[in-house]
Amino acid sequence: MELLRVKDLGKHFGGLTAVDGLSFQLRPGEMLGLIGPNGAGKTTVFACLSGFLRPEQGEVLLEGQTLVGLAPNRICELGLARTFQIVRPFLNISVLDNVMVGALLREKSVARARALACEVLGFVGLGHLAQSPATGLPLPLRKRLELAKALATRPKVLLLDEVMAGLNPTEVDELIAFIRRINAQGVGILLIEHVMRGVMALASRVLVINYGQLIAQGTPQEVVGNQEVIEAYLGRGLKHA
Amino acid sequence: MRRLYLLLGLLLAVLLLLPLVLDKYLLGIFVMIFYYAYLGQSWNVLTGYTGHISLGHALYVGIGAYVSTFLAQKFGLTPWLGMLAGGALAAVVALGLGYLGFRFGLRGVYFVILTISCAEIARLVVSHIDAVGSFSGIFLDFHPGFANFQFRGNVHYYYISLGFMVLGSLAVHLLARSRTGRLMVAIREDEQAALALGVDSFKYSMIAIAISAFMTSLAGTFYANYVFYLSPNSMFGMALSIDLILRPIIGGLGTVLGPIIGSFVLTPLSEVSRTYFAQSGLEGLHLVLYGVLAILVVLFMRQGILVYLARALRPWLKLEE
C-alpha cells in the first residue's frame, strides 16, 4: 500500500486556481521531487497536505486515513511533518529547546524528549550548538534546525519545502547526505526544490506542476528533457516569420 | 547556577527576618511588593510564557475578591476556602473567554480587546448587583483571626504575601520546565511553527489562561482582606489591569525572576512617591513617575531589567554551570 495518496486535490483563492486536480502517490521509503516555476502552487500543495489550508476538493490519505479537515497538529501526530520554506525557528530559546518541542510530541517525559532531541541534533550535525540561542544561527544552520525540529516528531512522511535554497554547493551536498540518511530510516520524503543539484541527487521520481496542474512526471533525467517542462520554465520560443 | 540559588536562598532568609526590624509602614510597602510580584507572576503565565496579551486581568482579581468576601459575609465561609471557590470561578470564566479567543483565532490586538471588554463587562455587571454592594462596593467588618484571614498589624500579611510570591514563583518555575510549559513557550514564539510540530495550541492556550486566572484570583482574596474595602472600579477596573502588568514587563517577560525584580523596583517607587506627592498636594504625580520609568526601560532595556542584571552578575554567579 502507498504511504501517502493524493487524489484530485484542488484549491482556489478567489478566481485563482492554485492547485488543480493534482493526484500522486508516495510509496514507503520513496523520495519524490515536486518542482515547477515560481507561483506554480507547490507551497500551496504542502499547505493542503499539512492542514494549514483546507483544499476544496480531493482527498489526502496517509496510510489510508484521510487528512482533509484535520488540524495541522493532528496531522503531525498522525505522522506527516513539514518544514517551512521561510524557516521558523523559535528564536528566543536554545537550539536544543527548539528541537525538544518536536520531540515532546512522542516523548511525554521531558528527560526522554531531551535525549531524543540531542540524538536528532547530533544526526544533523548541530550537537555542538545545542545550548546556543536559535537567534544566533546563520541561515544554513537554521535550515538544519528546521529539519531537526520536524525530524524530532518522528514522521512517516516528511515534506521539505526548499530546504536547500540559499545554500552554497558544499552545504547543499551536506544536506543531501542528511536527507539520504533520513530516508534510509524508512521516512517517505516529498521535496519541493529549486536547487536541481539536490533534486537530481535525491528524487527517484519528479512531479512537475505549473498553474497547479501536473504537466509531467518521471525520473529527474526524463523531466528535464521534457519539452513542456522547458516551456513552463523558460517560455515558448518566438516563431520566426 | 548553584550560586544563583544560594543568593536567592540568602535573600529569602533576609526577607523572613525583616519583620523583626521594620515598622508597620515599611512592612506595608513590602506587602505591596510581594502582592504585585505575585500578580505579575500570575499574568506572566498567560502573556510572558504563552504570548497571549491580556489587558483585563483585573477581571480575575475582582472575581477572587468578591467571591470569597461574598461567601464569607453570607455563609460565614472562611476566605481560605472562599479563595479556592473564587479561583475555580475565575478559571471557568477564563476558559469561556479563552474559548472565544483561541477557538476563533483572535490574536494580537483583537485578543487584547476581548480581554478588556470582558473585564469591563464584569465591572459594569458587578456595579449593578445589590447583593455585592453595587456601585458603592463592600466594606468588610474587621474580625481578626486566622480563619477570617484578618490580622492586626502587618506582620501576618507580610508572611502570607511573601508565601504567595515564593510559592507562586516556584509553581511558575516548575511549570516552565515541564512539558506543558515548553509547549506554551513554543506557542508564544511562533504558533504556526508549533502547530506544525504537533503542538495543540488551543489546548495549551486554554491550560495557560486557566492557570493564570486561578493564580490571579487568589491575590484578589488576599487584597480584599488586607484593605477591607472592595469597589467595582478598584477591583475590576482598567487601572488595576495595567498596574499589574507593568512589573513583569519592566523586570523581564517570560522569566520567573522578572516580575519579582520589577516589583522590587516599581512598587516602593510608587508607594513612597504616592505618599510624599500626596502630602505635598501633588496627587497623581506618582503615575507620571511610573510612565517615565516605563518609557526608560522600553527605550534602554528592551528585554527588561533582568537580562541586564544577569549579564552584570554572570561572572560572579557562574550562570553557565
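Two strands count as paired if DSSP finds at least two bridges between them. I kept that rule at hand while going through this predicted model.

Entry 1: I began with strand E1 (residues 4-13) of chain A and strand E2 (residues 16-26) of chain A, which run antiparallel and are joined by 8 bridges.

Entry 2: Which strand does E1(A) join through 5 bridges? I found strand E4 (residues 57-62) of chain A, again running antiparallel to E1(A). Here Val6(A) stands opposite Val60(A).

**Entry 3: on to E5.** From E4(A) I followed 2 bridges to strand E5 (residues 65-66) of chain A, an antiparallel pairing. With at least two bridges needed, the pair qualifies. Leu62(A) has Gln65(A) as its bridge partner in E5(A). This is a hairpin too, with 2 residues between the strands, and Glu63(A) takes a positive phi near 50°.

**Entry 4: chain A as a whole.** I noted 9 helices and 10 strands in chain A. The C-alpha trace spans about 70 × 40 × 35 Å along its principal axes. I wondered what radius of gyration a compact globule of 241 residues would have.

**Entry 5: where chain B meets chain A.** I then turned to the contact, which takes 24 residues from chain A and 19 residues from chain B. About 1,800 Å² is buried between the two chains, with carbon and sulfur atoms giving 64% of that area. Which three residues supply more than any others of the area that chain B buries against chain A? They are Arg179(B), Arg182(B) and Leu197(B), which together supply 39%.

**Entry 6: polar links across the interface.** I count 2 salt bridges between chain B and chain A. One of them pairs Arg182(B) with Asp97(A), their closest N and O atoms being 2.9 Å apart. Polar contacts across the interface come to 5 residue pairs. On the chain B side, the elements that give two or more residues are helix H7 (179-189) and helix H8 (191-196). The largest share, 7 residues, comes from H7(B). By type, that side of chain B divides into 9 nonpolar, 7 charged and 3 polar residues.

Terms used: Residues are numbered from 1 along each chain as its sequence is written. Chains are lettered from A and ligands numbered from 1 in the order in which they are written. This is a predicted model: local features need pLDDT of at least 70, side-chain atom pairs count only at pLDDT 80 or more; totals for chains, interfaces and linings use all residues. Side-chain values use heavy atoms; hydrogens and water are left out. Contact means heavy atoms within 4.5 Å. Buried area is the accessible area (1.4 Å probe) that two parts lose on being put together, summed over both. A salt bridge is a side-chain nitrogen of Lys or Arg within 4 Å of a carboxyl oxygen of Asp or Glu. A polar contact is a pair of N or O atoms within 3.5 Å; within protein, one must be able to donate a hydrogen and the other to accept it, and residues adjacent in sequence count only if both atoms are side-chain atoms. Helices (H or I, at least four residues) and strands (E, at least two) are DSSP runs, numbered from the N terminus. Ala, Val, Leu, Ile, Met, Phe, Trp, Tyr, Cys and Pro count as nonpolar, Asp, Glu, Lys and Arg as charged, and the others, Gly among them, as polar. The radius of gyration is taken over C-alpha atoms; the globule rule is 2.2 Å times the number of residues to the power 0.38.
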